[in-house]
Amino acid sequence: MTMENASSVTEFILMGLTDQPKLQLPLFFLFLLNYLFTVVGNLYLMILICLNSHLHTPMYFYLFNLSFIDICYSSVFTPKMLINFIADRNVISFRGCMSQLFFFCFFVNSECYVLTAMGYDRFVAICKPLLYTTAMSRQVCSLLMSASYVMGFAGAMVHTGCMMRLIFCDSNIINDYLCDIFPLLQLSCSSTYVNEIVVSAVVGTVVILSSLIIFISYALILFNICHMPSSKGWSKALSTCGSHITTVSLFYGFALLTHVRLPSSGFVEQGKFYTVFSTNVVPMLNPLIYSLRNKDVKIA
């Protein structure tokens with residue numbers, strides 16, 4: 001895809017998280033520490049899964065990919081954000097902005113589908129344990145993971161392609177720390193009607209499809225747990241789902257708060273606050289969630 005269009009804007013200015021100079025350096029070190037924890041924590045989990053044969057199961061195959069996505073996801077915008085904290089001008093080129101948007105959408109969409117596959121995996125493990133080996137074979141897991149990346153790529157291509165057709169004339173100031181869809185739509189001097197329809201369709205499909213599959217999976221798991229004869233079975237079933245439920249709740253919870261805001265004078269700052277949690281804090285917490293709450297990982 002060629003990243004040229006009829007826009008007179010060749011670069012964008014990112015407003016960042018704050019315009020207060022005294023906070024720039026403390027925020028730089030805070031987010032640098034956050035990024036290091038995210039990369040090291042997820043990389044540690046990936047290495048652990050690779051080296052320990054007891055973790056060569058479908059659930060940890062998905063967890064490996066989740067950690068990989070979290071590292072890539074954070075690396076799309078965090079290095080640029082860190083540079084902007086200490087740079088005189090927070091500038092990003094038009095091509096750089098479109099590239100950041102593409103990879104941001106790609107990894108977000110892919111993570112939605114990976115979390116969905118993990119929910120389906122837990123459903124099969126608890127409700128169909130005798131068929132687990134067949135239903136979640138290596139070929140099935142590879143197919144589900146490939147489909148997650150392909151659908152993530154397709155969604156990102158649609159979003160970026162629609163953004164490329166817009167014309168940006170005068171205003172080039174993005175009131176955020178990354179190139180996201182809605183801040184860019186606000187800057188366009190051409191009609192954004194098609195983009196808004198596409199965003200609603202693509203995001204709606206991803207969210208509804210993934211959340212519906214996860215909801216149905218856990219509804220069936222809950223139904224199955226209620227019919228278990230022993231409390232030990234309940235405890236084991238819930239412990240295998242606890243980490244995934246926590247991760248899904250954080251990911252979708254903060255994503256929802258980021259995009260569904262109440263009309264108020266401070267909704268922009270509130271949006272930034274929730275976006276920070278969604279893009280920076282959640283990827284850092286995932287390794288901790290699966291390490292502290294997971295018996296197999298702690299033993300490994």
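**Exercise 1.** Find the partner of C97 in this predicted model and work out the handedness of the link.

*Solution.* Start with the sulfur atoms: C97 is joined to C179 by a disulfide, with an S to S distance of 2.1 Å. That passes the cut-off, since a disulfide needs the two sulfur atoms within 2.5 Å. Next, look at the torsion about the S-S bond, which is about -125°, so this disulfide is left-handed. Now place the two ends. C97 sits in helix α3 (residues 94-127), while C179 is in the loop between β3 (173-174) and α6 (181-187), so the bond ties together parts that are 82 residues apart in sequence.

**Exercise 2.** Decide for C97 and for C179: buried or exposed?

*Solution.* C97 has a relative accessible area of 0%, so C97 is buried. C179 has 0% relative accessibility as well, so C179 counts as buried.

**Exercise 3.** Describe the link between C169 and C189: its distance, its handedness and the parts of the chain that it connects.

*Solution.* The sulfur atoms of C169 and C189 are 1.9 Å apart, and the two residues form a disulfide. The torsion about the S-S bond is 60°, and this link is right-handed. C169 lies in the loop between α5 and β3, and C189 in the loop between α6 and α7 (193-226); these distant parts of the chain are 20 residues apart. For accessibility, C169 comes to 31%, so C169 counts as partly exposed. C189 comes to 43%, so C189 is also partly exposed.

**Exercise 4.** How many disulfides does the whole structure hold, and what pattern do they follow?

*Solution.* A search of the whole structure gives two disulfides. Count the bonded cysteines along the chain, and the pattern reads 1-3, 2-4.

**Exercise 5.** Classify C105 and C112 by their accessibility.

*Solution.* C105 has 6% relative accessibility, so C105 counts as buried. C112 has 5%, so C112 counts as buried too.

Key:
Residues numbered from 1 in each chain as written. Predicted model: local features only at pLDDT ≥ 70, side-chain atom pairs only at ≥ 80, totals over all residues. Heavy atoms only, no water. Helix = DSSP H or I, 4+ residues; strand = E, 2+ residues; numbered from the N terminus. Buried < 20%, exposed > 50% of the residue type's maximum accessible area, 1.4 Å probe, protein only.
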